[in-house]
Amino acid sequence: MATDFVHRFVPATVPGRAPLLLLHGTGGNENDLLPLGAAVAPGAALLSPRGQVLENGMPRFFRRLSEGVFDAEDLRHRTDDLAAFIGKARDSRALAAPVALGFSNGANIAASLLLRHPGLLRGAILLRAMVPFRPDDTPRLDGTAALLLSGRADPIVPAANSDMLAELLAQAGATVTHRRLPVGHGLSQADVTLAREWLATL
Ligand code: MLT
């Protein structure tokens, strides 16, 4: 079934921490972000699915027509499949609402989850995210927190696009923190530090 994602699950060792939903970038897999998850939320449960789309053999969470141009219909149904997987994983493992930690393509589907399934996520850390789609109706995201970490020299995500995503989430009522780092599309130590500090405030 499309909602049966290949995934890794690491149980919590510290009670009371929100579980992390780890969403890798293009060409990654379910193992990639486990060390990052453990670094930013030590002891939290980690749920890490692998994207089901293959682009030239590289796993992704939804199809794109070209760099930064997304297949809207595919994104819609992949977002719904991932939401169903999260719901099932929460039920079977008695998990609280997770905080997504997504990088690049994973951050983009995390943003899509926020916009299409308000209330599913406790919050989201969006690393190098862009606007996944423009919703017809603004969802209500009061009580949801989002940390956007963008790269000032990111060749894939224009500054105006990540600003627009921050604005879209804030308009929906989410508590948004947007930091622009002196980096490109790749991750840096500052991402780890800022994500850990932000999670500690949730
Ligand atoms: C995407 O396709 O989601 C973004 O362009 C990021 C990427 O995967 O390169």
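In which loop is the place of E30? E30 sits in the loop between β2 (20-23) and α1 (34-40), where helices (H or I, at least four residues) and strands (E, at least two) are DSSP runs numbered from the N terminus. The structure is a predicted model, in which local features need pLDDT of at least 70 and side-chain atom pairs count only at pLDDT 80 or more, while totals for chains, interfaces and linings use all residues. Residues are numbered from 1 along each chain as its sequence is written, and side-chain values use heavy atoms, with hydrogens and water left out.

E30 is buried, with a relative accessible area of 9%; buried means under 20% relative accessible area, exposed over 50%, and partly exposed in between, with a 1.4 Å probe and protein chains only. Its side chain is joined to that of R50 by a polar contact of 2.8 Å. A polar contact is a pair of N or O atoms within 3.5 Å; within protein, one must be able to donate a hydrogen and the other to accept it, and residues adjacent in sequence count only if both atoms are side-chain atoms. Leaving aside neighbours within four places in sequence, E30 is in contact (heavy atoms within 4.5 Å) with V6, H7, R8, H24, S48, P49 and R50.

Turning to the whole chain, the secondary structure of the protein comes to five helices and eleven strands. The radius of gyration is 15 Å, close to the 17 Å that the globule rule gives for 202 residues, so the protein is as compact as a globular protein of that length. Here the radius is taken over C-alpha atoms, and the rule is 2.2 Å times the number of residues to the power 0.38. Buried residues make up 50% of the 202 residues. Of the contacts with a separation of 6 or more, 69% are accounted for by residues 24 or more positions apart.

The ligand comes next. An N or O atom in the side chain of T26 is 2.5 Å from an oxygen atom of the ligand, and the corresponding distance for R60 is 2.8 Å. For E67, a polar side-chain atom lies 3.1 Å from a ligand oxygen. The protein covers 95% of the 260 Å² of accessible area that the ligand has on its own, by the Shrake-Rupley method with a 1.4 Å probe; for residues, only the protein chains shown count as cover.

Not counting residues up to four places away in sequence, N105 touches H24, G25, T26, R60, F61 and F62.

Two loop residues complete the picture. N56, in the loop between β4 (53-55) and β5 (58-60), has a positive phi near 50° without being a glycine, and counts as exposed at 75% relative accessibility. A94, in the loop between α2 and β8, also has a positive phi of about 50° although it is not a glycine; its relative accessibility is 69%, which counts as exposed.
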